[in-house]
Amino acid sequence: MSIKVENLSKYYGQQAAVNNISFEINTGEIVGFLGPNGAGKSTTMKMITTYLTPNNGKIFVNDIDTSVDSMEVRRKIGYLPEQNPLYLDMNVLDYLEYAADLESVPSADIPKAVKKMVDVCGLSEVQHKDIGELSKGYRQRVGLAQAMIHDPEVLILDEPTSGLDPNQIIEIRNLIKKLGKEKTLVLSTHIMQEVEATCDRVLIINNGEIVADGTPDSLQTKFKGQLDITLILKKDSNDKDLILKAVSSIRNIEKARILKEDENSIHFSLTGNKGTDVREEIFRKIVSMNMIMLGLHQEETSLEDIFRQLTSN
Amino acid sequence: MKNILTIFKKELRSYFNSPVAYIVIVVFLIITGWFFTSNLFIGGVVTMRNVFDIIPFIFLFFIPAISMRTFSEEKKSGTIELLLTKPISDMDIVLGKFFSTLTLTAIAIAFTLFYVVSLTFLGPIDTGSIIGAYIGLLLMSGVYIGIGIFASSLTENQVVAFIISFLIVFGLFLLNKVLVFLPTELASILEYISVDYHFSNIARGVIDSRDIIYYLSGITIFLLLTRTSLESRRWS
């Protein structure tokens, strides 16, 4: 067991930022904390990294209690806070050396450790530049390099891709995936695609509580509510209400309504039962009515919908 | 110990990487230099007296100015989270920053040794009181720096940190000056608390253990307060 959290709570005044949560993370897992801003993701991470002390509950990292031997826990963890902790007036190499020094990497091994991180994180072009001169994408890489300089067993990344442009996001995600192969990795995000792209497992957190826990696929199956179907027909002499009635009569279709209507076409929105496929029957029905189908699209509830469903207050 | 050294080296380097250290040292030397030369050429007296009298006053501004960034900047830029999640104790961080700021101050003070050296060519100097004054200056700046670092740990705003540390330091400095207006029992207590009183003792060349204890305990109290202030993040 890499990380074990038991009945963890943290209050800011009367407000519970984290409310009695428990979970376990196995060695080698890539876990995503997903939740809206202010859900308690960062606070949980700050408690795991010993920056904050919980009001209640216990945290074990590699079976070491954070409240008993916080120094040993810190040694096991590499941490990239949400606000990337960079000294803008230092150059990249100096900064990484400083980070290695703080992690008590033996002085003889520091040049090797720094060199390795420069290679892994693709920093060789900018290694002599001041961090203040770097783009956001590079800064994020420097932050990641800092977090991993001592080759920690557990890596905790708080919103590692926030504020990056789409290309940089993909670069950082690939880097995270590469790193995640050898380590237990916890990352937080409020972006669905990120979790789907990188994580083995998702913890959806809302209002300081875990509202869902599982692989992205299992969550999709579990929360699959309904089928959303969009149907577009060419406008002709047939009566709309008649069509609506006809479509509603198809098996497994629960609801049908007209979404919009313009000169040439009518858009219908249909709702079907989960786990079914009604496209074929719709097609046959339309053909039998001698109408022309311009479009048909069927969509199952996505992780994004689940997220919205679980976290909208 | 190694951790303190790591922080110490990084802090000292960042002082000299920014213009702050140079500006502050230059201003310090201009002011002390003016008091030294005016005394020497206008007064015609071979003494460091005026310089040592003015330094505690300059330090009222000088030390809050150099120590205001120690923790405020880390809080503002978020790097404090880096330091506090690395396997080093809060006290190591505080001590590393304390000694680096003390070193910068000592460097500034060391430049005034040129004045002493030039005096030796002009006439006999009172070696004992000069050595005493230097020891006293270092101890006194230690207390000021402790206060400055503590103020800096309270806020992420450097200006606020400067004002807080200036007010505390100025208060301690002023105590000695208002004694005449106070009843004697209270006056003797306040006199003991006053930084300036102990400095004038040591600057006479009399190194009394009471004065040393006063300074060392002052430093210790403010460094412990700083550590407490860092730890307070956990309770909030």
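Which residues does A:T271 touch, not counting residues up to four places away in sequence? The legends below take up this residue and then other regions of the structure, which is a predicted model.

View 1. Leaving aside residues up to four places away in sequence, A:T271 touches A:Q226, A:L227, A:D228, A:E254 and A:K255. One of these residues, A:Q226, is 45 residues from A:T271 in sequence, and the two C-alpha atoms are 6.8 Å apart in space. Another, A:D228, has A:T271 as its bridge partner in β13(A). A:T271 counts as partly exposed because 14 C-beta neighbours are found inside 10 Å, whereas a buried residue would need 20 or more.

View 2. Strand β11 of chain A (residues 226–234) runs antiparallel to β13(A), and nine bridges join the two.

**View 3. Strand β9 of chain A between its partners β3 and β10.** Strand β3 of chain A (residues 30–34) runs parallel to β9(A) and is joined to it by four bridges, with A:V31 standing opposite A:R201 in β9(A). The pairing of β9(A) with β10(A) is antiparallel and consists of five bridges, and here A:N206 stands opposite A:E209 in β10(A). Because five of its six residues are buried, β9(A) is largely enclosed by the rest of the structure.

**View 4. Two residues of chain A with positive phi, A:N207 and A:E159.** A:N207 lies in the loop between β9 (201–206) and β10 (209–214) of chain A, and the hairpin of these strands has two residues between them. Although A:N207 is not a glycine, its phi is positive, at about 50°. A:N207 counts as partly exposed because it has 17 C-beta neighbours inside 10 Å. A:E159, which is likewise not a glycine, has a positive phi of about 45° and is found in the loop between β7 (154–158) and α6 (166–180) of chain A. With 22 other C-beta atoms within 10 Å, A:E159 is buried.

**View 5. The packing of helices α3 and α4 in chain A.** Helix α3 (residues 92–102) and helix α4 (residues 110–120) of chain A pack with their axes 10 Å apart and at an angle of about 125°, which means that α3(A) is oblique to α4(A). The crossing in which α3(A) passes α4(A) is right-handed. From α3(A), the residues A:L93, A:L96, A:E97, A:A100 and A:D101 meet A:I110, A:A113, A:V114 and A:M117 in α4(A). By class, this contact has seven nonpolar and two charged residues, and no polar ones.

**View 6. The packing of helices α3 and α8 in chain B.** In chain B, helix α3 (residues 49–67) and helix α8 (residues 127–154) pack at an angle of about 30°, with their axes 9 Å apart, and α3(B) is therefore roughly parallel to α8(B). Their crossing is right-handed. Among the residues that make the contact are B:F52, B:I55 and B:F59 of α3(B) and B:L137, B:M140 and B:Y144 of α8(B). The residues of this contact divide into 12 nonpolar, four polar and no charged.

**View 7. The contact between chain A and chain B.** Chain A gives 20 residues to this contact and chain B gives 17. On the side of chain B that touches chain A, the elements that give two or more residues are α1 (2–17) and α5 (79–84) of chain B. By class, this side of chain B has four nonpolar, eight polar and five charged residues.

Methods
Residues numbered from 1 in each chain as written. Chains lettered and ligands numbered in written order. Predicted model: local features only at pLDDT ≥ 70, side-chain atom pairs only at ≥ 80, totals over all residues. Buried ≥ 20, exposed ≤ 12 C-beta atoms within 10 Å, placed from the backbone. Contact = placed C-beta atoms within 7 Å. Axes fitted to C-alpha atoms, helices over the stretch in contact; angles between N-to-C directions. Parallel < 35°, antiparallel > 145°, perpendicular 65-115°, else oblique. Left-handed = near helix turned anticlockwise from the far one by under 90°. Nonpolar A, V, L, I, M, F, W, Y, C, P; charged D, E, K, R; others polar. Pairing = 2+ DSSP bridges.
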